Amino acid sequence: MSYYALKAKASDQIIRTEYTRSQLGSRHITALCFSPDGTFWTGTGKGLLYFNGERFVKISGIWEEVNALYADKRGKLFAASRQTVYTVENHKITDMCFIKEKAIGILADYAGNIWLATKSYLYRYNGSEFGFY
């Protein structure tokens, strides 16, 4: 069993919790993110989870390694894996887009476009569709 401190909300409240391999579903933590509402998200070798204040809850429908996470200012979460980018709202998958290789990072520009990088490609989500360069 391992112990760690987790900042669960935007406030300074620290929640002390413990996790086991069975709660996270994987020993490999591959991505971390906070959404604007303070929800803590984690990508693992076997999917996407969020911390509900007491335990980690797995998002149904994502069974592969999540390599990159980003939450926009409206709370839409982008979770990228080896071949798919999922959008998650209200803890449910709302859309997905297939990509050519493993994601390595996601961020937003000042215009609100979401950019996703892989080893060889750059993708842009303009609010309604993905394009790649």
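Let me start with a definition: two rings of Phe, Tyr or Trp count as a pair if their centres lie within 6.5 Å. For Trp, that is the six-membered ring. By that rule, a search of the whole structure finds 10 aromatic pairs. Keep in mind that this is a predicted model.

Let's take two of those pairs. Start with phenylalanine 34 and phenylalanine 40. Their ring centres are 5.2 Å apart, and the planes meet at 50°. Stacked needs under 30 degrees and edge-to-face needs over 60, with the rest called tilted. So this pair is tilted.

How exposed are the two partners? Phenylalanine 34 has a relative accessible area of 40%, so it is partly exposed. Phenylalanine 40 comes in at 10%. The cut-off for buried is under 20%, so phenylalanine 40 counts as buried.

Now stay on phenylalanine 40 and look at phenylalanine 56. Here the centres are 6.3 Å apart and the planes stand at 65°. That angle is why the pair is edge-to-face. The pair links distant parts of the chain. Phenylalanine 40 sits in strand β4, residues 40-44, and phenylalanine 56 sits in strand β6, residues 56-58. The two are 16 residues apart. Both phenylalanine 40 and phenylalanine 56 are buried.

Which residues do the ring pairs link into a cluster? They are Phe34, Phe40, Phe51 and Phe56.

Next, the strands. Four of them form an open sheet, in the order β7-β8-β9-β10. The pairing is antiparallel. On the edges we have β7, residues 66-71, and β10, residues 92-98. Each edge strand pairs on one side only. From one strand to the next, the twist averages 20°.

Zoom in on one pairing in that sheet. Strand β9, residues 84-89, pairs with β10 over six bridges, in the antiparallel sense. What is the bridge partner of threonine 87 in β10? It is aspartate 95.

Last stop, further along the chain. Strand β11 covers residues 103-108, and strand β12 covers residues 114-118. They run antiparallel, joined by five bridges. Within that pairing, leucine 107 stands opposite tryptophan 115 in β12. The two strands, β11 and β12, form a hairpin with five residues between them. Check the turn: glycine 112 has a positive phi of about 95° there.

To recap: a cluster of Phe34, Phe40, Phe51 and Phe56, an open sheet of four strands, and a hairpin made by β11 and β12.

Methods: Residues numbered from 1 in each chain as written. Predicted model: local features only at pLDDT ≥ 70, side-chain atom pairs only at ≥ 80, totals over all residues. Heavy atoms only, no water. Pairing = 2+ DSSP bridges. Axes fitted to C-alpha atoms, helices over the stretch in contact; angles between N-to-C directions. Buried < 20%, exposed > 50% of the residue type's maximum accessible area, 1.4 Å probe, protein only.
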